[in-house]
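Here is a short report on one protein model. Look at the sequence and structure first, then read on.

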Amino acid sequence: MTERPAQRVPNRHLAALIAEAGFSNAGLARRVDQLGLEHGLDLRYDKTSVTRWLRGQQPRGTTPALIAEVFTRRLGRRLSAQDLGLDACAPVYAGLEFAATPEEAVDIASGLWRKDSGSHAELRKIAFTPAGLVVPSRDWLIGRPDERVGRGADPAAARIPAQGRVTVPRQRQIDREPGQRVTSGDIAALRSVSELFRTLDEAYGGGHARQALVRYLEHEAEPMLRGTYGETTGRRLFSAAADLTRLAGWTSYDIAAHGLAQRYFVQALRLAQAAGDRPYGSYVLVTMSRQAVYLGHGREAVQLARVAQQGVGSGPPPVVQALLHSAEARGHAVLGEVRAATASLVRAERALGAARPGDDVPHWARFYDEAQLADEFGHCHRDLQQYRASAQHAERSLQLRAPGYARSRLFCRVVLATARLGLGELDQACALGAEAAQQAMEMRSVRAVEYVRDFERRLEPYRDASAVRAYRDRVAALS
């Protein structure tokens with residue numbers, strides 16, 4: 001006897017929300033398609049698709065999350081796929097959400113770590129979306145500090161609310177039982193590991209140990225965040241977790257997993273909020289601004305840098321202020337805004353000039369020195385096609401920069417090569433470019449490769465010159 005297909009139950013939750021939002025079926029489909037485009041998806045839903053959802057058909061893949069986001073934006077309150085009567089979707093697709101509470105922030109971030117630590121190659125294909133920068137930066141700027149992040153010794157009280165929670169399998173807790181007290185030593189270990197991975201990233205590229213970093217977050221940081229701690233320890237714990245999460249985003253960015261990196265940055269921003277660390281939140285926004293510059297979104301880069309400046313005011317040390325102003329300058333330079341870029345660079349230079357040896361500089365800003373400022377000048381002048389100034393600053397940066405900053409030195413060498421090319425110094429440009437190409441092959445950094453490729457595209461008008469032919473022969477011999 002042939003089995004009859006199961007009868008679908010009408011989705012009354014979705015119907016009620018459609019009515020509340022004032023959508024037509026076609027209007028909802030159109031908005032889902034538009035949101036899909038923001039994420040690099042070509043969905044092509046129509047009013048018939050929505051009719052099927054109302055009759056009980058479950059949309060597949062990322063669509064439940066997109067539908068929930070459409071209603072969230074329309075109604076001004078956070079709605080999940082389950083609220084719409086739809087099947088839950090992978091947590092990573094909610095990764096652009098700025099969580100309402102520290103508990104929810106832990107759920108979203110840990111869901112991202114867990115998904116990324118597995119063999120989910122699709123995560124690295126998620127598209128970067130400029131629209132996804134607006135809400136998190138706004139919520140960070142205007143959001144109130146979290147009143148409480150501590151988790152009590154009573155296991156029942158310490159348990160994160162089950163609603164919307166991603167359950168942690170028992171075997172993933174390794175040596176730490178749920179509710180175990182977090183100590184200062186635990187946090188010191190997180191900080192030490194962060195410095196280790198930061199050093200590896202700068203020397204060998206983001207692809208070298210990225211997966212090890214993500215697994216560390218999953219197996220060590222998450223159990224701590226779900227453990228037991230008081231307010232002071234909790235703030236320090238969230239700060240350390242934010243730093244590691246930002247670094248996971250930075251290494252993802254370096255291998256061109258831009259949508260994934262964007263999600264890590266948003267979650268790092270929220271964890272920094274829970275830590276009550278506004279200066280570090282501004283640093284996360286600067287990181288997001290730098291990614292936007294790299295991807296050619298200058299306007300968004302400027303906005304992020306300005307939000308960072310507004311969020312911390314005039315309180316940070318001069319070094320931090322210099323970092324914030326130079327990030328804004330990079331955005332202006334990509335847009336070709338000479339006057340605005342120059343003004344921001346001047347502010348950065350003045351701020352760094354006001355720094356004193358005894359200043360209390362956060363650990364994450366200690367890299368910003370005269371070499372880094374010269375590098376920023378070199379990049380900006382290159383983007384503004386002011387090649388003589390670019391060459392002068394790039395040379396200075398290379399003279400001052402420590403050898404351990406291998407990737408930064410590579411980038412600066414390419415900037416110098418581009419400036420020499422712009423000045424018509426073809427032989428010098430090709431020699432510098434060949435050195436950078438050799439270094440790029442020794443790193444696991446897509447950005448390093450892209451810097452070299454950008455230089456090679458600029459060489460194309462001179463492809464018949466003997467220096468360019470020699471360059472191509474030299475690079476070909478490296479592979």
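## A covered helix

Helix α11 is mostly covered: 18 of its 18 residues are buried. Buried means under 20% relative accessible area, with a 1.4 Å probe and protein chains only. Helices here are DSSP runs of H or I, at least four residues, numbered from the N terminus.

Helix α11 covers residues 258–275, and its end C-alpha atoms are 25 Å apart. That agrees with the 26 Å its 18 residues should span, because each residue counts for 1.5 Å. The expected span is 1.5 Å times one less than the number of residues. After α11 comes G276, with a positive phi near 70 degrees.

## The model and its numbering

This is a predicted model: local features need pLDDT of at least 70, side-chain atom pairs count only at pLDDT 80 or more, and totals for chains, interfaces and linings use all residues. Residues are numbered from 1 along each chain as its sequence is written, and side-chain values use heavy atoms, leaving out hydrogens and water.

## The whole protein

The protein has 21 helices and zero strands. Of its 479 residues, 52% count as buried.

## Two packed helices

Helix α1 (residues 12–21) packs against helix α4 (residues 63–75) at about 35 degrees, with the axes 10 Å apart. Axes are lines fitted to C-alpha atoms over the stretch in contact, and angles run from 0 to 180 degrees between N-to-C directions. From α1, the contact uses L14, L17, I18, E20 and A21; from α4, F71, R74 and L75. Contact means heavy atoms within 4.5 Å.

Conventions:
Buried means under 20% relative accessible area, exposed over 50%, partly exposed in between (1.4 Å probe, protein chains only).
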